[in-house]
Amino acid sequence: MAEETLLADDFLRQLINVGEVDILVGLPTHNNAGTIEPVIRAIQAGILKCFPRERTVIINADGGSRDGTTELVTRASIDDMWNASKVYALRTLHSISTQYAGTPEPGLALRTIFAAADLLRARACVVLSPESTTIETDWLQRLVRPVYDDNFDLVSPIYRRQKFEGVLMRNLLYPMTRAIYGCRVREPYASEFAISGRLATDFLNREIWNDELGRDGAEIFLTVAAITGQYRICQTFLGTKVQPPRSAPDLVAAMRHTVGALFSSLDGNFSFWSPITGSQPVPTLGADSEVTVEPARVNRKRLREMFATGVAELEPVFQSILSASTLSELQRIAQLEIDEFNYPAELWARTVFEFAAAYHRSVMNRDHIVQALVPLYRGRSLTFLLENREANAEDVERSVESLCGEFERMKPYLLEVWADRK
Amino acid sequence: MREIIVAELTKAVTELTQEFAHYLPRLVVMLIIALIGWIIAYVFKALARSILRLTRFSKLSENAGATRLLNQAALPSSTELVSRFVFWVAWVGFVLLGVSVLGIAGLQEYISRFFLFLPRVFVALVILFFGLLAASFFSRAALLAAVNANFRSSRLLSISVRIIISIFALSMVFEVLGVAEQTMLIAFGTAFGAIMLALAIAFGLGGKDLARVFLEKRLISSKKEEKEDELSPL
């Protein structure tokens, strides 16, 4: 089997010692010593509390941590949990840490976890982020139960977020995935999710692992694979998601992993998504969105400046990607002062679709196309910020819903520019 | 006297006729070779055009910035230009082959030189094309990286990258063609050194405050600024 060559001999030996399991908990790590302990504790407590009878294994796929992450994982003893909770597991809980070959990449970690799930014939495979410091004991249950009890194949998370967090998710990934694939999955790029054994096996055998983009954007490809493969999908509300303070966002990398992967997924699935109109809701356990309204410190002036500079400096690049009308409209917006700045939803949807079509036609290096979208995204996030400065949770939700509607309405335009071979 | 003139004229005409009769078959052979060469060259042209279209050469050329240059010079598309080039090289080759059949003294050497020079021309063209492609790719990469890092002189940086790579490619082309090798090498070395020196002086003297601010931002307060400026995307 493919996974036998993928997994290291020692790791394979440990997996064979474990035998078949019901639930596999995957933990992809790379230098997460600062946040890993509460996550491990929550996983162990979740297993003891909710799945004491199930055969369970924790697989830590590490990218070569040098801060003692793997030691923390392997050293974490479940005995403390037993003493604290007075609950005893009826099965042995295995915890295995392995270092995957190659450079640290989340995609390689996921591949290792899915290969282990496939080998151990896990009924449910749940992946948790080592940076989720707000993780609660019942996250595990909320993710696993729908797969384990209700035969869902993909359980996607919903978080309680501050209104200006997840801006790319709210302004591009969710609206575009929803409009293209007709499925309202709110977190198409999830760091926490659960999948069935059959989806893990199917996904493991896909071609995406052969190229860097596929590995970097594996989460997006997984969501798309579940939708296009007609797997049963649901969402579950987990709780508060807080970005760890150390990870100041590398916007270009984030765009590559998410938007690049989403654009790339369109090529092979054209026959699936092209006839879809509108979108269908996904079964959701718990709240389908929660927004908190604490203020955020953002330098709006700098955002506007970076948008305006990007539009001016990248004009020759945009001429190859955007239509003349879209470009001239962007140039007009770039002249506006902050008080009157507005990058409207319709223009944003048109911009994104023209970028997707340019990506499809490879009008230039595909990575350059994604990078060129970054300053425009900054402009759109500024509008999102200005529009929702005084907004409450309902207003934010209404704004996102309206943007999604705009993307759905503009989908025929995508089909038009997609076919344009000029 | 009259008879002598007539005899001489007759002799000259006879010799001319003999010479012509001697050359006529060769001329016919040359014309046949040229005609066959034209047909083969035409086939080559059609073949080259198809291959270039299949390999989406026009897109590569567009990426390299060659298409824009050709448009500005009111020349045909890159695909058309290359296929025409193939046609003319092939046909001229056949014509020269035909001419060599005539056995004109001294011409053989030039013909041999022409055929020996052809591979160099091809290599030079390939270097020029990929040089332009690399210049376009890296200048765009520099432009995007600079814009996304909020670097103020993004366009200048991008143009500098394009010029340096283009000069480098051109110097290689001249070296391959054997045209003014030393001059080009010295010119390139001087230009490159001058650009680097200018950049060093500009940054070190003219932009010392900018350099200080840049380094302070990078080394001291980068985390704080990023946290304030960027909205969490995911």
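**Exercise 1.** In which hand of crossing does α12(A) pass α17(A)? Work out the packing too.

*Solution.* Before we start: this is a predicted model, where local features need pLDDT of at least 70, side-chain atom pairs count only at pLDDT 80 or more, and totals for chains, interfaces and linings use all residues. Residues are numbered from 1 along each chain as its sequence is written, while chains are lettered from A and ligands numbered from 1 in the order in which they are written.

Step 1. Find the helices (DSSP runs of H or I, at least four residues, numbered from the N terminus): α12 is residues 251-268 of chain A and α17 is residues 345-361 of chain A.

Step 2. Their axes (lines fitted to C-alpha atoms over the stretch in contact) sit 9 Å apart, at an angle of about 60 degrees. The pair is therefore oblique; that word covers whatever is left after under 35 degrees (roughly parallel), over 145 (roughly antiparallel) and 65 to 115 (roughly perpendicular).

Step 3. The crossing is right-handed, that is, the near helix is turned clockwise from the far one by less than a right angle.

**Exercise 2.** Which residues of α12(A) and α17(A) meet?

*Solution.* Step 1. Look for contacts (C-beta atoms, placed from the backbone, within 7 Å). Phe263(A), Leu266(A) and Asp267(A) come from α12(A), and Ala356(A), Tyr359(A) and His360(A) from α17(A).

Step 2. Sort them: four nonpolar, one polar and one charged.

**Exercise 3.** Describe the secondary structure of chain B.

*Solution.* Step 1. Count: nine helices and zero strands (a strand being an E run of at least two).

Step 2. Along the sequence, chain B reads α-α-α-α-α-α-α-α-α.

Note on methods:
Axes fitted to C-alpha atoms, helices over the stretch in contact; angles between N-to-C directions. Contact = placed C-beta atoms within 7 Å. Nonpolar A, V, L, I, M, F, W, Y, C, P; charged D, E, K, R; others polar.
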